[in-house]
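Open the model in a viewer and colour it by secondary structure. The stops below say what to select next and what is there.

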Amino acid sequence: MRKVFVPVEQISEDTIIISGEDVAHIRDVLRMKPDDEIVVSAGKGINYNCRIDLIEKNEIRLDIISQEPDIAELPVKISLYQSLPKSDKLELVIQKAVELGVCEVIPVRSARSVVKLDDAKAEKKRLRWQKIAEEASKQAGRGAVPEVLPVMSFDEAVKRASSSEGVFIPYELSEEYGSLSNLEKEIRSGIKSISVFIGPEGGFERSEVEAVTKAGGKAISLGHRILRTETASIAVLAYIMFVAEMHYNKQ
């Protein structure tokens with residue numbers, strides 16, 4: 001069934017109002033009519049099953065039939081701390097990260113990040129990145145829209161990530177080859193929040209890895225191959241998604 005996202009303030013006890021560009025999409029592209037059914041989300045993990053009551057030029061009014069938790073959300077909260085990559089690679093990372101279930105993406109200025117953004121440019125980029133996250137969330141049929149946070153320094157990111165139950169930093173010079181099993185053990189232990197740091201094209205400085213481990217995080221290896229930054233993000237997130245789904249579905 002079709003799903004749209006609306007701001008939470010447009011949802012009342014038994015009706016929902018859709019406005020903006022979604023009106024034309026539902027009316028002119030999807031060609032939906034009164035009495036057709038549609039699913040609505042406010043991005044908070046709840047689905048509202050609705051029936052179209054009225055279609056007007058600038059808004060659509062829906063009657064709420066029922067509501068239920070969205071099963072598309074992972075049982076583990078994943079925060080991706082992605083070091084700023086070159087060109088538009090972060091757009092791809094955000095799109096795929098959202099499809100794979102992250103709850104938030106935090107762009108990070110790390111030592112070897114080539115991209116330099118002042119505050120004005122960073123905020124303009126962030127707005128675009130957030131739009132990409134919203135579109136990816138719709139495409140994936142998720143019940144929540146992950147947030148793309150403002151760009152942070154590496155120290156700020158480490159401090160923020162330390163509140164997660166598990167913090168991991170893939171590092172190509174890690175001596176713990178095969179230590180993805182440590183990540184699996186953490187998930188199977190029942191933790192509910194994971195933060196993952198991914199380096200830029202040149203990788204992390206050893207001092208950055210040490211800063212994460214001193215804050216309680218764990219350095220892990222993604223294998224004997226050197227992965228591109230965008231590949232590393234997708235690989236580790238796909239692994240977390242697979243293990244989390246397998247573990248919690250068995251409970």
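Helices (H or I, at least four residues) and strands (E, at least two) are DSSP runs, numbered from the N terminus. Axes are lines fitted to C-alpha atoms, for helices over the stretch in contact, and angles run from 0 to 180 degrees between N-to-C directions. Contact means heavy atoms within 4.5 Å.

Before going further, note that this is a predicted model, in which local features need pLDDT of at least 70 and side-chain atom pairs count only at pLDDT 80 or more, while totals for chains, interfaces and linings use all residues. Residues are numbered from 1 along each chain as its sequence is written, and side-chain values use heavy atoms, with hydrogens and water left out.

Two strands pair if DSSP finds at least two bridges between them.

Select β1 together with strand β3 (residues 37–41). The two pair in the parallel sense over 3 bridges. For a landmark, find valine 4, which stands opposite valine 40 in β3.

## Glycine 43

Follow the chain out of β3. Glycine 43 is found in the loop between β3 and β4. Is glycine 43 buried or exposed? Its relative accessible area is 15%, so glycine 43 is buried (under 20% relative accessible area is buried, over 50% exposed, and in between partly exposed, with a 1.4 Å probe and protein chains only). Not counting residues up to four places away in sequence, glycine 43 touches Phe5, Gly143, Ala144 and Val145. For a distance check, pick the C-alpha atoms of glycine 43 and arginine 188: they are separated by 27 Å, with the residues 145 apart along the chain.

Select strand β6 (residues 77–83) and strand β11 (residues 193–198). β6 and β11 run parallel and are joined by 6 bridges. Isoleucine 78 stands opposite isoleucine 194 in β11.

How many residues of β11 are buried? The count is 6 of the 6, so β11 is largely enclosed by the rest of the structure. In a regular strand the side chains alternate between the two faces of the sheet. Both faces of β11 are covered, with Ser193, Ser195 and Phe197 buried on one side and Ile194, Val196 and Ile198 buried on the other.

Next, return to β6 and select strand β7 (residues 104–109). These two run parallel, joined by 5 bridges, and glutamine 82 stands opposite proline 107 in β7. Of the 6 residues of β7, 5 are buried, so β7 is largely enclosed by the rest of the structure.

Glycine 101 counts as buried, at 11% relative accessibility. Leaving aside neighbours within four places in sequence, glycine 101 is in contact with Leu74 and Arg142.

Select helix α2 (residues 89–100) and helix α3 (residues 119–140). Their axes come within 8 Å and cross at roughly 35 degrees. On the α2 side, the contact is made by Leu90, Glu91, Ile94, Gln95, Val98 and Glu99. On the α3 side are Arg128, Trp129, Ile132, Ala133, Ala136, Ser137, Gln139 and Ala140.

## The whole chain

Finally, select everything. The chain has 7 helices and 12 strands. Its C-alpha atoms fill a box of roughly 60 × 45 × 30 Å, taken along the principal axes. Of the 251 residues, 46% count as buried.
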